[in-house]
Amino acid sequence: MSKKITFLGTGTSQGVPMIGCHCRVCTSDDERDHRLRTSLMIEAAGKRVVIDAGPDFRQQMLHHRVEDVDAILLTHEHRDHTGGLDEVRSINYFRRHEMPIYCTARTAEAVRRDYAYAFGDNRYPGAPMLSLHVIDSLDSFSIGELEFVPVYGSHSFLPVVGYRFGDCAYLTDFKSIEAEEVEKLRGVEVLIINGLRHTPHPSHFSIAEATEVARQVSPKQTYFTHCCHEIGLYTEVEPTLPEGMHLAYDGLTIRL
Ligand SMILES: [Zn+2]
Ligand SMILES: [Zn+2]
Ligand SMILES: [Zn+2]
């Protein structure tokens, strides 16, 4: 099955540029240094799936002229990954369907809490129509013909889930991953993994830590995402990365 993957956003929680920052990256004219909040779009077999819907979801849909999404998969409950869920109202309205949301029970609970007006007996008229699908007990699940395998990790003390889909896998906001979860990634050709910056961070892989996981998986190509402004300028960093490893940037597409 051929797939098209689009990086809708590749930035850390605050995005790049950061409000009020005058560093070289935040003031760069190169579009590849501008990073919306991390999100990935997968198009295959007539379906369109988005992983995470952060505060830039609306802008990402408009920029890529996306009018409909078949499902949204969430990695965890942080707002830079869930803050745009209200924006699915336009899709609810024009496309006349609820938005299926796939996530862990923990994240589902957070969505119900954060968007309390969208659930329950006192559901507010016009609130987003979200149907939550809990994945905790599933080894895999499918959106049309596209199969997703949850891959679990830790984001400091918070559980986080990434997804393998065929020969590609997407992990974001990981700080650690157990060996048995790495096994689920065997054979992927493209690994997308968070690499916040070059120096260590308490809750995110650095580029060196993400590189170490990539070496265990040994995909053909690795793309680092969820980068902060300390990552450096794209044109300066990209040539320094090991062979087959790249900095992702907003708008980058991969065809598989
Ligand atoms: Zn994040
Ligand atoms: Zn900056
Ligand atoms: Zn996070």
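Predicted model: local features only at pLDDT ≥ 70, side-chain atom pairs only at ≥ 80, totals over all residues.
Colleague: Where is T6 found?

Modeller: T6 is found in strand 1, residues 3–9; strands are DSSP runs of E with at least two residues, helices are runs of H or I with at least four, and both are numbered from the N terminus. Residues are numbered from 1 along each chain as its sequence is written, chains are lettered from A and ligands numbered from 1 in the order in which they are written, and side-chain values use heavy atoms, with hydrogens and water left out.

Colleague: Thanks. Is T6 buried or exposed?

Modeller: T6 counts as buried because its relative accessibility is 2%. The cut-offs are under 20% relative accessible area for buried, over 50% for exposed and partly exposed in between, with a 1.4 Å probe and protein chains only.

Colleague: And what does T6 touch?

Modeller: Leaving out residues up to four places away in sequence, T6 touches S39, L40, M41, E43, H64, L252 and T253. Contact here means heavy atoms within 4.5 Å.

Colleague: Now the sheet. What is the strand order?

Modeller: The order is 6-5-4-3-2-1-14, in an open sheet of seven strands with mixed pairing. Two strands pair if DSSP finds at least two bridges between them. Strand 6 (130–134) and strand 14 (253–255) are the edge strands, each pairing on one side only. From one strand to the next, the twist averages 20°; axes are lines fitted to C-alpha atoms, for helices over the stretch in contact, and angles run from 0 to 180 degrees between N-to-C directions.

Colleague: Which helix packs on the sheet?

Modeller: Helix 4 (residues 105–114) does, touching strand 5 (99–103) and strand 6, and its direction makes about 160° with that of strand 6.

Colleague: How many bridges join strand 3 to strand 4?

Modeller: Three bridges join them, and the two strands run parallel. V50 stands opposite I72 in strand 4.

Colleague: On to the metals. Which residues are the protein donors of the zinc ion (ligand 1)?

Modeller: They are D80 (OD), H81 (NE2), D173 (OD) and H226 (NE2), lying 2.1 to 2.2 Å from the zinc ion. Donors are N, O and S atoms within 2.8 Å of the metal (3.2 Å for Na, K and Ca), and water is not among the atoms, so sites may look incomplete.

Colleague: What coordinates the zinc ion (ligand 3)?

Modeller: H76 (NE2), H78 (ND1), H155 (NE2) and D173 (OD) do, at 2.2 to 2.3 Å. D173 coordinates both zinc ions, which are 3.4 Å apart. H76 lies in the loop between strand 4 and helix 2 and D173 in the loop between strand 10 and helix 5, so the pair ties together parts that are 97 residues apart in sequence. Both H76 and D173 are buried.

Colleague: Why is the arrangement around the zinc ion (ligand 3) irregular?

Modeller: Its four donor atoms subtend angles of 92 to 172°, which makes the arrangement irregular. Four donors count as tetrahedral if all angles lie between 85 and 135 degrees; four count as square planar and six as octahedral if opposite donors are over 155 degrees apart and all others between 65 and 115; anything else is irregular.

Colleague: Last one: which residues form the aromatic cluster?

Modeller: Y102, F141, F148, Y163 and F165 form one cluster. F148 and F165 make a tilted pair, 5.6 Å centre to centre with 50° between the planes. Rings of Phe, Tyr and Trp (its six-membered ring) pair if their centres lie within 6.5 Å; planes under 30 degrees apart count as stacked, over 60 as edge-to-face and the rest as tilted.
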